[in-house]
Amino acid sequence: MKNDKFKCPICGSTHFDHIICRTHRDIFGIRCTRCVKYVGWLPKSMYNDWRNGKVDMDKVKPSKDTKIYLEVLDFFKEIGFKQINAYTLSNDTYVIRLDKEKVLNKKTNKKMSLDDFIEIY
């Protein structure tokens, strides 16, 4: 589906799927169809307004995993990395792949784990 109000904060896509929560019947979810990393929740009472494009993204509450992922992205952006896509960040020296948890040094082509990189950096 597409909604002019929805814009994934991770990849920038405007396409999403609905998720029906089996444990909490009073909410429904929104998942980005491009990166699949962004999941947000809205009250079920807002379902029709959301489908009609009357609800802004500030009403959507990101899931716990999404919040953590956004914090990781913000951390790397603050120290000078640019986001290439939903999983890849880069600066002049390093390329970080968050999905594989690997870091590549562009100059030496040496790979290291993300945990080791964070300890060094």
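## Strand pairing

In strand β8, Asn 105 is the bridge partner of Tyr 94. The model is predicted, with local features requiring pLDDT of at least 70 and side-chain atom pairs counting only at pLDDT 80 or more, while totals for chains, interfaces and linings use all residues. Residues are numbered from 1 along each chain as its sequence is written, and side-chain values use heavy atoms, with hydrogens and water left out.

Strand β7 and strand β8 (residues 102–105) run antiparallel and are joined by 4 bridges; two strands pair if DSSP finds at least two bridges between them. Strands are DSSP runs of E with at least two residues, helices are runs of H or I with at least four residues, and both are numbered from the N terminus. The hairpin formed by β7 and β8 has 4 residues between the strands, and Glu 101 in the turn has a positive phi of about 55 degrees.

Strand β7 (residues 94–97) is also joined to strand β6 (residues 88–90), by 3 bridges in an antiparallel arrangement. In this pairing, Leu 89 stands opposite Ile 96. The hairpin of β6 and β7 has 3 residues between its strands.

## Aromatic contacts

The structure holds 9 aromatic pairs. Rings of Phe, Tyr and Trp (its six-membered ring) pair if their centres lie within 6.5 Å; planes under 30 degrees apart count as stacked, over 60 as edge-to-face and the rest as tilted. Phe 16 and Trp 50 form an edge-to-face pair, with 5.4 Å centre to centre and 65 degrees between the planes. This pair links distant parts of the chain, 34 residues apart: Phe 16 lies in strand β1 and Trp 50 in helix α1. Both Phe 16 and Trp 50 are buried, that is, under 20% relative accessible area, whereas exposed means over 50% and partly exposed in between (1.4 Å probe, protein chains only).

Tyr 94, the partner of Asn 105, belongs to one aromatic cluster together with Phe 75, Phe 76, Phe 81 and Phe 117.

## Salt bridges

The count comes to 2 salt bridges, each defined by a side-chain nitrogen of Lys or Arg within 4 Å of a carboxyl oxygen of Asp or Glu. Asp 99 forms a salt bridge with Arg 97, with the closest N and O atoms 2.8 Å apart. Asp 99 counts as partly exposed because its relative accessibility is 39%; Arg 97 is likewise partly exposed, at 29%.

The side chains of Asp 56 and Lys 5 also meet in a salt bridge, at 3.1 Å from N to O. The two residues are 51 residues apart, with Asp 56 in the loop between α1 (47–51) and β4 (61–62) and Lys 5 in the segment before β1 (16–20). Asp 56 counts as partly exposed at 37% relative accessibility, and Lys 5 as partly exposed at 36%.
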